[in-house]
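User: I am new to this structure and would like to learn how to read it. Please take me through its features one at a time.

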Amino acid sequence: MELPDFMSYSNKFTNSDFVEKISRIAKRAGSKLVYTALVLYYTLQSDKISVKDKAIIVGALGYLISPLDVVPDAIPIVGLGDDLAVLAYVLNKVWGKVSDDVKEKAQQKLNKWFDEDELEDISDLIKDEKNSTEEAKK
């Protein structure tokens, strides 16, 4: 799948639209997409991230909340796949700059929205994050 020019969606991003969309699609989207979106959202609020990285994050979050997607969100199962691809791509680009506080804040929000069995989707992701962080400290 080829990623769209998600920077063209940056004008679609607003804090209120993001919160509204995430709360509306959280269960359908799954914990992996929501966790990725929350990490990017909280990273955007950090003063330790460059303007360039913030612009990329805004573009990705704008793509998520935009009703105009490559694959419309209303299509069951695959509808949010393009959104996850864009978010994962951007998260991968900025991952080294994401603070532990941001990851913890996203995890706490997930714990409020998802049951324990629903959080299993991201348990490997979080475990890999912790291992990477511990190895980097050594």
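**Reading the helix packing**

Analyst: Helix H2 passes helix H5 in a right-handed crossing. A crossing is right-handed if the near helix is turned clockwise from the far one by less than a right angle, and left-handed if anticlockwise. This is a predicted model: local features need pLDDT of at least 70, side-chain atom pairs count only at pLDDT 80 or more, and totals for chains, interfaces and linings use all residues. Residues are numbered from 1 along each chain as its sequence is written, and side-chain values use heavy atoms, with hydrogens and water left out.

User: How many helices and strands does the protein chain have?

Analyst: Helices (H or I, at least four residues) and strands (E, at least two) are DSSP runs, numbered from the N terminus. The protein chain has six helices and zero strands. Its order from the N terminus is α-α-α-α-α-α.

User: What describes two packed helices?

Analyst: The angle between their axes and the distance between the axes. Axes are lines fitted to C-alpha atoms, for helices over the stretch in contact, and angles run from 0 to 180 degrees between N-to-C directions. Here, H2 (residues 31-44) and H5 (residues 100-113) have axes that come within 9 Å and cross at roughly 140 degrees. H2 and H5 are therefore oblique to each other. Angles under 35 degrees count as roughly parallel, over 145 as roughly antiparallel, 65 to 115 as roughly perpendicular and the rest as oblique.

User: Which residues of H2 and H5 meet?

Analyst: Contact means heavy atoms within 4.5 Å. On H2, the residues include Val-34, Leu-38 and Tyr-42. On H5, they include Ala-106, Leu-110 and Trp-113. By class, this contact has nine nonpolar, three polar and three charged residues. Ala, Val, Leu, Ile, Met, Phe, Trp, Tyr, Cys and Pro count as nonpolar, Asp, Glu, Lys and Arg as charged, and the others, Gly among them, as polar.

User: At what angle do the axes of H3 and H4 cross?

Analyst: The axes of H3 (residues 51-65) and H4 (residues 81-94) cross at roughly 165 degrees and come within 9 Å. H3 and H4 are therefore roughly antiparallel to each other. Their crossing is left-handed. Among the contact residues are Ile-56 and Leu-64 of H3, and Asp-82 and Val-86 of H4. The contact divides into 10 nonpolar, no polar and three charged residues.

User: Is Asp-82 buried or exposed?

Analyst: Buried means under 20% relative accessible area, exposed over 50%, partly exposed in between (1.4 Å probe, protein chains only). Asp-82 is buried, at 1%. Asp-82 sits in H4.
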